[in-house]
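Work through the exercises below with the sequence and coordinates at hand. Each task is followed by a stepwise solution.

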Amino acid sequence: MPEWTEEIRRRLAPLNLDPARESEIVEELSQHLDDRYEELRRKGMAEGAARDGALGELQEDAVLEHELRPVTHRMSPSIALGGTGGRRPWESLWHDVRFALRSFRTHPAFASVAVLTFGLGIGACTLIFSAVRGVIQRPLPFPEPGQLISFWGSAPEKGLPEVNSPTGLFVVYRDKTRLLSKVAAFSSDGATLTGAGLGDPERIVGATVSVEFFGVFGVTPQLGRTFVAGEEVRNGAPTFVVMSHSLWLRKFGGDSTMVGRAIAMNGQPVTVVGIMPAGFDYPNQAEYWVPEYMDANNFNCWCYQLVGRARPGITAADVSREMANITDDFAISRRDIFSEPKRGGSRVIAMPLADRIVGDLRRPLVVLLGAVALVLLIACANIANLVLVRAASRSQEIAVRCCLGAGPRRIAAQLLTESVLLSLAGALAGLILTFWGVHLLQQLPVDRFPRMNEVRVDPVVLAFSAAVAAITGLLCGVAPAIQMSRVDLQHAIKAGARGSKSGSHRRLSDGFVVTQFALSLVLLVGAGLLLRSYRHLSGLDLGYRPENVLVGRISLPFPRYDTSVVVRTFYNSLAERVRAIPGVSDVGIASRVPLTRGNPQNNVVAEGRESRPGEPVLVANVRIVSPEYFRAIGTPLLEGRVFEATDDERSLRVAVVDEALAKHFWPNESAIGKRVRYGNSDTSSGRWLTVVGVVRNVKHNSLDEQTDLQLYESFGRQATWSNYLVVRSTSSPELLATSIRAEIKALDSALPLYDVHTMQNAVRGSLAIRRLVNVLLGSFALAALLLAAIGIYGVISLSVSGRVREFGIRMALGAQTGDVRGLVLRHGVLLAAAGVAIGIASAAYLTRYLQRLLFGVAPVDWATFGVVALVLTATALLASYLPARRATRADPVLALRSE
Amino acid sequence: MIHREMKKGSAELLILALIEHQPRHGYELCKLIESRSKGVLTFHVASLYPLLYRLEKRDLIEGRWVEKAGQRRRRYYRITAEGKQVLSSQRKSWKDFMAAINRVAGVSHA
């Protein structure tokens with residue numbers, strides 16, 4: 001018997017086996033070669049030939065080594081291709097993860113496109129969510145914030161959607177309510193802060209409050225105390241003040257001995273009784289609070305806002321009903337104050353304070369969150385298509401795995417692992433976008449974007465991002481996973497290597513594209529409608545020319561300026577001085593200018609046009625303005641004249657009205673010479689105002705409000721203590737503020753100029769929320785369009801490469817390039833058309849939720865729908881054209897040979 | 001080429017099937033495959049034993065030295081419970097696979 005050991009050992013040598021293992025192998029293989037040798041000898045072979053024959057079993061030198069290496073060294077089990085092999089779930093998960101990472105390394109383009117798409121989608125989604133959470137969802141920083149209810153009266157029939165309360169009515173509410181444990185009244189206020197070491201006089205914003213105010217919020221001061229009964233102001237200057245944390249730090253350096261000391265507000269000493277904790281700045285970033293006496297008999301100034309703390313279990317709707325009943329009862333008992341009261345005649349609106357604060361921002365945010373979710377869905381459809389395409393090109397690999405015993409669940413798990421890994425990586429990348437966006441949102445002005453400064457990336461936001469990533473990852477992976485785990489072996493063997501798609505794959509891909517187009521249409525229509533609203537609003541006739549107009553407010557402290565003569569003298573000489581500043585063309589004085597806070601209104605009755613019982617009395621905005629005001633702000637005179645210097649206390653009391661008021665009372669005749677008066681009851685002849693001029697309508701609060709009626713009175717007759725200086729310049733007006741301040745200082749060094757802004761900025765600012773929504777929604781819609789274009793391009797390209805043979809045959813049989821091109825384009829356009837049709841139906845339903853954000857355009861605006869449908873179809877045509885051109889370049893011979 | 005690929009894919013199945021009911025040693029396996037396939041499939045030392053070691057490492061088969069009187073000792077392989085599971089699942093897959101191939105072949109020749 002020949003000796004085999006040497007031969008075998010020589011072949012095993014490169015493996016460096018463990019000696020015991022090596023000798024076992026040598027023994028087993030020797031045995032085999034012995035058997036073979038004996039067999040060959042039995043068949044009559046010569047010794048030499050039989051030996052060579054047996055050694056032939058070992059084949060070339062390297063074969064044995066090559067085959068044994070994976071077994072004897074770190075053998076990798078064939079789990080990747082086969083069944084679980086009895087592994088525990090986490091082991092196969094770990095394996096799937098490693099396998100996925102390996103495959104991303106070998107297909108970096110696929111992985112980066114997917115991560116980028118996920119990143120944009122999830123990042124944008126997380127950003128909007130963080131805004132929604134910061135602004136809407138996060139509770140106000142007070143104990144039991146859900147119990148805080150804000151409420152006010154409403155008389156839409158009089159053009160008064162919101163009516164504040166007089167102190168007399170507040171006292172009634174406070175004494176009668178059963179549902180609110182506490183209720184408080186407050187009104188915005190401003191004061192000029194002066195004092196040694198405090199720098200220039202500064203105007204600070206605060207509130208006059210009833211003593212219950214801090215109790216309602218349940219917030220205790222950081223230092224000192226809040227107000228007690230008896231400290232309230234009764235006619236005159238306040239003597240006690242509570243300071244905000246920010247004012248305390250800003251102006252007094254956080255001096256802990258401030259409590260008990262006096263500061264100078266409006267030139268009067270006021271004692272600081274307490275300092276509130278950081279973050280308490282209700283209402284409107286208030287920096288101080290002074291107590292106001294709530295006179296049960298005062299019904300003159302309907303200027304107090306109300307807030308209460310509801311007892312547990314009480315809703316805003318309950319409060320609304322209770323307050324309406326209390327108002328009815330009171331109105332019926334006080335016919336001297338309320339005209340024609342009746343049961344059920346009062347309307348009180350109540351809502352959680354948080355909703356009241358957020359106000360106009362809530363709906364846009366919800367709309368944006370919906371929009372961004374749509375973008376994410378579109379992105380998902382794109383990625384699902386990518387995964388599907390990739391899975392299809394791996395169908396042979398998957399078929400082999402199936403043959404080797406991998407169950408459908410293993411295959412599906414592998415594919416799902418891949419897509420979830422991609423989405424998690426995308427979420428991480430998206431966080432960059434989120435952090436950057438949140439930083440930008442925090443910079444937005446808080447007075448226009450309430451609570452936006454509270455937006456943070458907190459653990460909840462991070463958890464949201466992770467959850468969205470997991471869900472979208474599964475969403476993108478599940479369809480391909482189901483598809484591929486049902487891999488059709490027959491098809492896989494036949495076509496797997498070509499990577500073409502089966503009918504069901506193609507149907508699924510087509511479905512994704514249709515979905516994308518439908519969702520994109522919804523987004524584009526939404527963006528289009530908002531854009532049209534914005535254009536309507538910005539193209540609106542404001543009734544004045546905001547260009548080159550600077551406004552600023554000056555308030556004169558009361559006893560120092562004690563009579564209207566003194567007040568008028570001050571403002572007139574200031575106007576005179578400002579007029580002399582180079583570059584100034586007109587200077588006007590007005591008690592209010594458009595787009596500023598506060599809007600004094602009054603009932604207005606025309607002579608001979610008194611409203612009959614039961615008819616609503618007209619309410620108009622009342623403004624006290626100087627003769628030059630109309631020229632300064634740029635409101636054109638339509639009829640008659642504006643005020644003159646002679647319209648003073650000695651002359652006839654005159655008024656200028658806007659065209660809406662003129663048309664209301666005197667629809668078919670001239671208003672000039674007609675007489676109006678305030679209120680409902682007083683008819684003494686001295687109260688009549690004679691209309692001398694009609695001017696253009698002006699919108700006061702916002703550009704999208706219903707046109708208000710305006711009545712102007714002459715500053716020469718009705719001076720007010722707080723007025724805006726309206727300065728029109730020949731060039732950019734921002735630079736004038738310093739010169740104006742210098743002129744004020746020359747007249748009175750203790751007076752600050754505040755609320756200084758250009759009218760153009762005011763107009764821009766009033767559209768700020770709309771602009772932000774437009775920019776965001778517009779970018780989402782564009783992203784959607786781009787994704788849809790990429791999606792349809794991918795699907796059509798793939799379908800073209802799968803049909804190269806078909807096109808080859810068609811062209812061989814005489815089809816023209818145009819025919820083939822048309823065939824491909826038709827596929828693209830059909831998909832787009834299906835998407836557009838579904839999209840139009842969905843958009844027609846969904847745009848109703850935009851209604852309140854729209855201006856001058858209907859939710860179902862067919863022009864917008866039509867343009868968007870055209871844009872989408874054109875996009876589909878364009879995206880399909882490139883693959884279509886490729887299809888026609890197919891050389892019939894090559895195409896057929898490629899089979 | 002195809003022949004070799006097919007052999008590679010099916011080798012595990014063949015070995016598991018042959019030791020399903022009784023333990024066998026390497027040479028015996030070689031001979032059985034060759035005779036039952038009427039010489040179409042053949043295995044050499046260099047490919048058979050690495051495969052056996054691989055299956056052993058995966059706990060699908062178990063090798064044991066057996067000494068018989070008057071003979072050198074031999075290593076016999078028998079199937080494990082896990083091996084039986086894999087065998088039955090592979091049998092089924094191959095059955096489907098073959099059926100599929102048949103259907104495809106049938107279609108393409110028609």
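**Exercise 1.** How many cavities of 30 Å³ or more does the structure hold?

Solution. The model is predicted, with local features needing pLDDT of at least 70 and side-chain atom pairs pLDDT 80 or more, while totals for chains, interfaces and linings use all residues. Residues are numbered from 1 along each chain as its sequence is written, chains are lettered from A in the order written, and side-chain values use heavy atoms, without hydrogens and water. The count is six cavities (a cavity is a set of points on a 1 Å grid over the protein atoms alone where a 1.4 Å probe fits but cannot get out; lining residues have an atom within 4 Å of a point).

**Exercise 2.** Find the volume of the second largest cavity and some of its lining.

Solution. Step 1: the volume, the space filled by probe spheres set on the points, is about 50 Å³. Step 2: the lining includes Glu28(A), His32(A), Tyr49(B) and Arg74(B). Step 3: α2(A) gives the largest share, three residues.

**Exercise 3.** Which residue of chain B does Asp35(A) pair with in a salt bridge?

Solution. Step 1: a salt bridge needs a side-chain nitrogen of Lys or Arg within 4 Å of a carboxyl oxygen of Asp or Glu. Step 2: the partner is Arg74(B), with closest N and O atoms 2.7 Å apart. Step 3: Asp35(A) lies in helix α2 of chain A and Arg74(B) in strand β3 of chain B, so the pair joins two chains. Step 4: Asp35(A) is buried at 9% relative accessible area (buried means under 20%, exposed over 50%, partly exposed in between, with a 1.4 Å probe and protein chains only), and Arg74(B) is buried at 15%.

Definitions and conventions. 1 Å grid on protein atoms, 1.4 Å probe; cavity = no way out; pocket = protein on both sides within 12 Å on 5 of 7 lines; lining within 4 Å. Helix = DSSP H or I, 4+ residues; strand = E, 2+ residues; numbered from the N terminus.
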